[in-house]
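Okay, folks, let me put the next one up on the screen.

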Amino acid sequence: MQAVDGVSFHIRRGETLGLVGESGCGKTTAGRTVIKLYEPTAGSIIFDEQDITSLKEKEMLSLRRRMQIIFQDPYASLNDRMTVGDIVSEPLEVHRLARGHKLRERAAELLQKVGLSPEHLNRYPHEFSGGQRQRIGIARALAVNPDFIVCDEPISALDVSIQAQVVNLLKDLQQEMGLTYLFIAHDLPMVKHISNRIGVMYLGKLLEIAESGELFRKPLHPYTRALLSAGAVPDPAAEVQNRQPALQGDVPSPINPPTGCRFRTRCADALDICSRSEPELIRVAPDHLIACHLVI
């Protein structure tokens, strides 16, 4: 069984690549593998022109400063036995970037950067709301001045009213600090709002990658069209005109995926070749790639 199979993409410095797809499609596995929280079984990971695929944990330590992650669940990702000050300061201690009163000053500065008060340093995570806890997680990720952050569904566990605040905070921090994001999420409008480009995954495969506006204006893959059609749109007339048939059936088991195109068992337009041959990810426009026999 492979959670992610043959997925290949690049992220330009300073941009946000969104990664979307149904639960279990491999988004989180791809994100965690990129920063080597999971070891890849094949392929390569190139970070700033350096192949980090085979680096051991000790060799990775210096690179850990440059790549961080914001986890999905702000209730599970923070240690309730540690104060907020200790949580935010821990990366600074691990990488020996500050000590003593400088450590405290830096932690207070980070809390202010994410919209919290330095007075919160001595409090514990259980005293905060979900949105505030996620801000603490963001402050922890920022502590070591990273270049690249994997945002692993950072808004899915939050109230709808809070989600936009967190996304806007991430956008502001990106502009201020020159950050690069891999933004993993289910919420398509939010992904469009923050992402420069978007990749669509299904059952461990990458089916389409395009510039954010282009993907929403002209989705080419049947799965992408179905995903967009299932979401809310502001123009009811456009919704009726562009609505695609609802996806039929359930996602097949990743243990025994379909032959050929993995989406063919739920695709209303599948051809004979779709069961025999797996489509390659082909460039059909300067910044638009698709893996579909119907298009290529």
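So, by salt bridge I mean a side-chain nitrogen of Lys or Arg within 4 Å of a carboxyl oxygen of Asp or Glu. Quick caveats: this is a predicted model, where local features need pLDDT of at least 70, side-chain atom pairs count only at pLDDT 80 or more, and totals for chains, interfaces and linings use all residues. Residues are numbered from 1 along each chain as its sequence is written, and side-chain values use heavy atoms, with hydrogens and water left out.

How many salt bridges does a search of the whole structure find? It turns up 17. Take E22 and R266, whose closest N and O atoms are 3.1 Å apart. They sit 244 residues apart, E22 in the loop between β1 and α1, R266 in the one between α10 and α11. Helices (H or I, at least four residues) and strands (E, at least two) are DSSP runs, numbered from the N terminus. R266 is buried at 9% relative accessible area, while E22 is partly exposed at 22%. Buried is under 20%, exposed over 50%, partly exposed in between, with a 1.4 Å probe and protein chains only.

Then there's R217 with E214, at 3.5 Å. Those two are 3 residues apart in helix α8, so about one helical turn separates them. R217 is exposed, at 62%.

Shared partners also tie D5, K205, R262 and E278 into one salt-bridge network. Within it, E278 meets K205 at 2.5 Å, N to O.

Last stop, strand β9: V284 lies there and is partly exposed at 40%.
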